[in-house]
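Please find below my notes on the model you sent. They are meant to be read with the structure open.

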Amino acid sequence: MTDYSTFGRHSFGPDFIWGTATAAYQIEGAVDRDGRSPSVWDTFSHQKGKIKTGETADSACEFYDRYESDLLLHKELGFDSFRFSLSWSRILPDGVGPSQGGRLNEAGLAFYDRLIDHCLALGITPWITLYHWDLPQALETKGGWPNRSIVNWFSEFADVCTKAFGHKVKHWIILNEPLAFSVLGYFTGQHAPGRRSFRNLLPVIHHTALAQAEGGRVVRRNVSGAHVGTTFSCSPIDPFTSSTRDQAAAVRVDALLNRLFIEPSLGLGYPKELSFLAGITKKVAKPGDMEQLAFNFDFIGLQHYFRAVVEGSYFIPYLWASQVSPLQRNVQTITEMGWEVYPESMYRVIQQFSQYEGIKKIYITESGAAFFDTVQQGAVNDVARLDYHRNYLQQVLRAKRDGFAVDGYFAWTFLDNFEWAEGYRPRFGLVHVDFRTQQRIIKASGRWFQQLLSNEHQLANLTSTV
Ligand code: GAL
């Protein structure tokens, strides 16, 4: 048996990508500076009761002003790639650009240009996410994702960004977790823009899937030598019992959580196991759409945190299934988000997605954990987070050794930041941020990565505390 418990950077091979992942709204701050207009997240976070802690990301990590020193820290940690997203409303404050009568904000473009140049000067490869959930409010006012025009709005945004940066940036990610923003934003209302209606859900899903493929085509057209992908949230789904009812529930949840957006992009259409999706082809799609959903991505980004255990339920319409939470299952190893720590699930998602013939390469574009941190004598000894990354990485290595085409790991996340509807409380960073003083402290988990990445022969399990 191969022993995966000790590993070093070299174990993953010379081409393996090591990065951290971030998102504009979660770190930048400066929400009203240099011509940026509000996004749906600005509107949402300022509404009473939407964010658990009542906080907003008006300042966040002040990354807009601190990106130079922050990138030096990133360099110090030893990661060679940095994933960040572009704020659409910083670049196109009207949502639409010049070809549809809107303004192009040169100051917004200039910020990202400086950020990219700074990465390159430090030898850090930029990976751009075009859309990480912060739709310009101006477009939400025109109907947002339920409005089919979003496909043109998004494609113009992608066009502007790739024309501006495509000569310097080759790694492009079209969407961050389409399932999360479509379902949480337009169906359950827990995320911006906070709309709740089943009527919107099918159009949102379909327009998102169309925009995903269209965005890919724009990048391919405008960026020579582009390496283009898109990302999906994913979890292996286990039935709570072996009953036929729970097993059937697991199949449906899998179709929703894991297959909904990858399959249309591979030309396989929407999963048939969810009968309500048939409404897309019957009522929402236009002739020719089903072909337009497919795009030949160079890679797929998997974002994995936890597994899900489900049972059949008569109370959840359409899905007829509900999650059996880790607490109900007496699972002790959970994060501050209530998510089960279950490293083997990392192997299983890689294995599951590798079964699609059309997927050429997989990167783990997010994985990480929120635990309660304390600063003691200027240090944060976050052993639980360190263990999380080590154990999940071990499973990535196992998958790689078993021949699956997984070739990168982006830790979520570089800096503690604004965790959407949860506010600043759950901390996922490898670097601690004091949100009053903006002081940064590299946590033990960050030091662990630093050791792993700097020393070719470092054995990762020998260093659980620093
Ligand atoms: C992902 C999301 C990130 C981050 C992370 C931790 O779904 O893309 O922005 O919030 O979860 O919850």
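Predicted model: local features only at pLDDT ≥ 70, side-chain atom pairs only at ≥ 80, totals over all residues.

1. Ligand shell. There are 13 residues around the ligand, and those that come nearest are Gln26, His132, Asn176, Glu177 and Glu419. By type, the shell divides into 6 nonpolar, 4 polar and 3 charged residues.

2. Asn176 places a polar side-chain atom 2.8 Å from a ligand oxygen atom. For Glu366, a polar side-chain atom lies 2.9 Å from an oxygen atom of the ligand, and for Trp420 the distance from a polar side-chain atom to a ligand oxygen atom is 2.9 Å. The ligand taken alone exposes 310 Å², of which the protein buries 94%.

3. Helix H15. This helix covers residues 383-401, 19 residues in total, and spans 27 Å from its first C-alpha to its last, close to the expected 27 Å. Its buried residues include Arg385, His389 and Arg390 as well as Leu386, Leu393 and Leu397. The elements that cover the buried residues of H15 include strands S1, S7, S10 and S11 and helices H14 and H16. Just after H15, Gly403 has a positive phi of about 95°.

4. Thr230. This residue lies in strand S5, residues 227-234. Thr230 counts as buried because its relative accessibility is 0%, where buried means under 20%. A polar atom of the Thr230 side chain is 3.2 Å from the backbone nitrogen of Leu175. Beyond its neighbours within four places in sequence, Thr230 is in contact with residues including Ile173, Ile174, Gln212, Phe297 and Phe299.

5. Cis peptide bonds. Most peptide bonds are trans. Which residues does the bond with omega of about 5° join? Ala192 and Pro193 are joined by this cis bond, and Pro193 sits in the loop between helices H8 and H9. The bond from Trp412 to Thr413 is also cis, with omega near 10°; Thr413 belongs to the loop between S11 and strand S12.

6. Most residues other than glycine have a negative phi. Trp320 has a positive phi, near 50°, and is found in the loop between strands S8 and S9. Gln438 has a positive phi of about 65° and lies in the loop between S12 and strand S13. Are these residues buried or partly exposed? Trp320 counts as partly exposed because its relative accessibility is 41%, whereas Gln438 is buried, at 5%.

Technical notes:
Residues numbered from 1 in each chain as written. Heavy atoms only, no water. Near = heavy atom within 4 Å. Polar contact = N/O pair within 3.5 Å; in protein donor to acceptor, adjacent residues only side chain to side chain. Areas by Shrake-Rupley, 256 points an atom, 1.4 Å probe, with all protein chains shown as cover. Nonpolar A, V, L, I, M, F, W, Y, C, P; charged D, E, K, R; others polar. Helix = DSSP H or I, 4+ residues; strand = E, 2+ residues; numbered from the N terminus. Expected span 1.5 Å × (residues − 1). Buried < 20%, exposed > 50% of the residue type's maximum accessible area, 1.4 Å probe, protein only. Contact = heavy atoms within 4.5 Å.
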